[in-house]
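The stops below go from overall confidence to single residues.

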Amino acid sequence: MAGGALLLTACAGNDGQASNPSSSGSASAPAASQTVTWAFDQEFSSYNGNTGAENAARNNQPLQRVLSGFWYYGGDGKVTPDTDFGTYEKTSDDPLTVKYTISDKAVWSDGSPIDCDDLMLSWAANSGKVKGFSAAGTTGWEDTKTPDCEKGGREVTMVYTKPFADWAGGLFGNTQIMPAQVVEKKGNISEEELIAAVKAADDKKLAEAIKFYNDGWIMKGALLSEDLIPSSGPYKLSKLDAGQSLTYVANDKYWGPKPATPTIVERVIVLDQQAQALQNGEVNIINPQPGPDVLNQLNALQGVTVKTAPQFFYDHLDFNFDSSPFKDRTLREAFAKCVPRQLIVDNLIKPLNADAKVLESRTVASNQSHYGDVVAGIGGEDKKYDQVDIEGAKALVDKAGKSGLEVKIGYKTPNPRRSSVVQLIADSCNKAGFKVVDKGAEDFFGNGLANNTYDVALFGWTGSDLVSGWASTYTTAKKCDSENKGNNNGCYSNKQVDKLIKQINETTNKPDQTPLIAQVEKAMWQDLATIPLYENPNLTAWTDDVEGVIQNPSQAGIGWNMDKWSLK
């Protein structure tokens with residue numbers, strides 16, 4: 001469920017390596033007066049961010065106002081209905097039933113109506129009930145009956161087989177509804193045939209369509225032709241300069257409010273160069289990883305607004321349970337004992353946020369009201385690894401007979417902060433008998449993480465307050481490969497955790513979810529499924545001649561309302 005599922009992100013970078021920290025002065029706007037330019041650190045790679053391989057911030061954040069749906073994450077990070085797209089309402093609690101109605105005005109930018117086949121495709125691809133589709137997660141979708149609508153219909157009623165806590169923010173959200181007419185054309189299947197095949201779960205009839213859905217929207221150095229990427233939002237994509245920029249123009253077929261600015265440009269700029277790019281007038285808006293020197297540099301600029309705030313974004317270490325020595329819990333425990341989590345926070349996070357603490361939970365942010373109760377419910381399992389224990393780690397390495405074991409830590413480069421994290425881990429864990437190797441690579445997400453060529457992965461998850469968002473991340477994968485493991489990159493598996501996650505997502509009273517979440521966290525600490533490290537604060541800066549910029553703490557990112565950005 002890419003609309004709600006956690007998004008893999010490379011964001012985390014500058015830890016004091018600003019391009020020109022001693023500079024001061026004014027930031028000036030880019031030359032084109034009818035264009036707002038924002039900086040993003042990752043290159044756009046696919047028009048379909050719903051698949052297991054492409055469910056990432058680099059794809060879904062840039063498409064927030066290109067592929068619309070029944071709901072989106074608002075400025076407070078919470079699920080917000082998009083009434084321009086359509087309406088939805090719960091019509092029954094037993095069984096849980098939700099009726100979705102697409103606006104009569106809704107059309108794709110190629111003129112095709114948004115209707116039944118688009119919703120049927122979305123359900124087929126995300127429910128796991130039609131073999132072959134790659135999905136980042138199926139939570140919520142998998143517990144619905146096959147929808148029933150006909151060609152041209154704009155209403156669909158979803159009937160759940162069990163309660164679903166996040167029904168209001170689960171199905172058919174931003175970026176989840178892909179253009180079925182494109183899949184039909186490339187899959188050599190008619191609209192009527194696609195609808196019928198989905199209803200029959202006929203994966204053979206859909207074989208060519210499934211192949212295109214999974215791989216056909218991947219960019220290969222240039223933007224796909226316009227007929228393959230129709231838009232359902234206020235903007236459409238018009239140009240992709242590989243490694244440089246992604247350009248949006250107003251969608252003249254959009255039936256809702258017209259965007260405030262006709263052209264938006266996303267510039268690909270690495271995190272530690274964004275502040276300088278803002279000062280040089282190359283961009284209007286930046287969302288860099290905070291660091292004390294970056295913050296000082298931004299605060300020294302005139303004509304720039306700088307804001308920091310919490311967000312649902314944390315960094316962590318994931319073990320490779322599929323093909324690394326860390327299938328052995330003894331070695332996972334040894335590694336957890338030598339990872340200097342407190343030192344990492346002290347050196348890299350506290351200079352910016354004096355109140356920063358080591359993160360104890362993978363599923364709840366520290367600023368959420370029930371974080372304390374969840375941590376208390378872990379029962380101290382997390383506290384065993386708050387402080388480094390080199391002797392204890394070394395004893396476990398020796399017990400496993402693995403002294404001198406090479407540990408490949410993979411992450412996406414360039415990323416100064418994560419490089420520093422790896423160095424701190426190496427300095428500590430090498431004393432315990434490990435031999436830590438920095439395996440950072442530019443193609444880590446597409447190659448290393450997807451194909452499990454690492455021992456330990458270092459990256460970030462950005463999400464929301466939806467409990468369904470992290471379900472697929474810790475639920476046992478159907479198969480440990482790039483097409484089937486979804487968000488569970490390291491292929492962690494625990495049947496008790498699987499059962500608890502299902503129970504949480506069926507629990508509609510939020511306070512009743514808290515003790516269940518604590519049980520999940522306790523089990524994952526006992527298993528050492530992953531090691532949470534720290535939270536990343538949200539730092540955003542923009543030139544004062546731009547209006548309408550509003551931070552968003554969720555996975556939607558700063559571009560969530562780009563159609564409201566304008567120049568004074």
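Begin by colouring the chain by confidence. This is a predicted model, and its average pLDDT is 92, with 94% of the residues scoring at least 70. Two stretches deserve a selection of their own. Over residues 11–24 the pLDDT stays under 50, and the model has 48 contacts for them beyond four places in sequence. Residues 28–32 also have a pLDDT below 50, with 13 contacts in the model beyond near neighbours in sequence.

**The sheet S6-S7-S8**

Next, select strands S6, S7 and S8. These 3 strands form an open sheet in the order S6-S7-S8, with antiparallel pairing. Its edges are S6 (86–93) and S8 (155–159), each of which pairs on one side only. Direction ignored, neighbouring strands of this sheet are turned by 15 degrees against each other on average.

Zoom in on S6 and S7. S7 covers residues 96–102, runs antiparallel to S6 and is joined to S6 by 7 bridges.

Now move to the loop between S6 and S7, where Pro-95 is found. The peptide bond that joins Asp-94 and Pro-95 is cis, with omega about 0 degrees.

Most residues other than glycine have a negative phi, and most peptide bonds are trans. The next selections depart from one pattern or the other.

Go to Pro-414, in the loop between strand S16 (405–410) and H12. The bond leading from Thr-413 to Pro-414 is cis, and omega is near -5 degrees.

Then select Thr-175, in the loop between S8 and helix H3 (180–186). Its phi is positive, near 70 degrees, although the residue is not a glycine. Is Thr-175 buried or exposed? Thr-175 counts as buried because its relative accessibility is 2%, below the 20% cut-off.

Asn-188 lies in the loop between H3 and helix H4 (191–199). Asn-188 is not a glycine either, and has a positive phi of about 50 degrees. With a relative accessible area of 58%, Asn-188 is exposed.

**Helices H9 and H12**

Two packed helices are described by the angle between their axes and the distance between the axes. Select H9 (residues 341–349) and H12 (residues 416–429): their axes come within 10 Å and cross at roughly 145 degrees. The crossing of H9 with H12 is right-handed.

Show the side chains where the two helices meet. From H9, take Leu-343, Ile-344, Asn-347, Leu-348 and Ile-349; from H12, take Arg-417, Ser-420, Val-421, Leu-424 and Ile-425. By residue class, this contact divides into 7 nonpolar, 2 polar and 1 charged.

**Leu-533**

Finish at Leu-533, in strand S19 (residues 530–535). Leu-533 is buried, at a relative accessible area of 1%. Which residues is Leu-533 in contact with, leaving aside its neighbours within four places in sequence? The list is Asp-315, His-316, Leu-317, Val-339, Arg-341, Val-345, Val-358, Leu-359, Val-421 and Leu-458. One of them, Val-421, is also among the H12 residues that meet H9.

Methods: Residues are numbered from 1 along each chain as its sequence is written. This is a predicted model: local features need pLDDT of at least 70, side-chain atom pairs count only at pLDDT 80 or more; totals for chains, interfaces and linings use all residues. Side-chain values use heavy atoms; hydrogens and water are left out. Axes are lines fitted to C-alpha atoms, for helices over the stretch in contact, and angles run from 0 to 180 degrees between N-to-C directions. Helices (H or I, at least four residues) and strands (E, at least two) are DSSP runs, numbered from the N terminus. A crossing is left-handed if the near helix is turned anticlockwise from the far one by less than a right angle, and right-handed if clockwise. Contact means heavy atoms within 4.5 Å. Ala, Val, Leu, Ile, Met, Phe, Trp, Tyr, Cys and Pro count as nonpolar, Asp, Glu, Lys and Arg as charged, and the others, Gly among them, as polar. pLDDT is the predictor's confidence in each residue, from 0 to 100. Two strands pair if DSSP finds at least two bridges between them. Buried means under 20% relative accessible area, exposed over 50%, partly exposed in between (1.4 Å probe, protein chains only).
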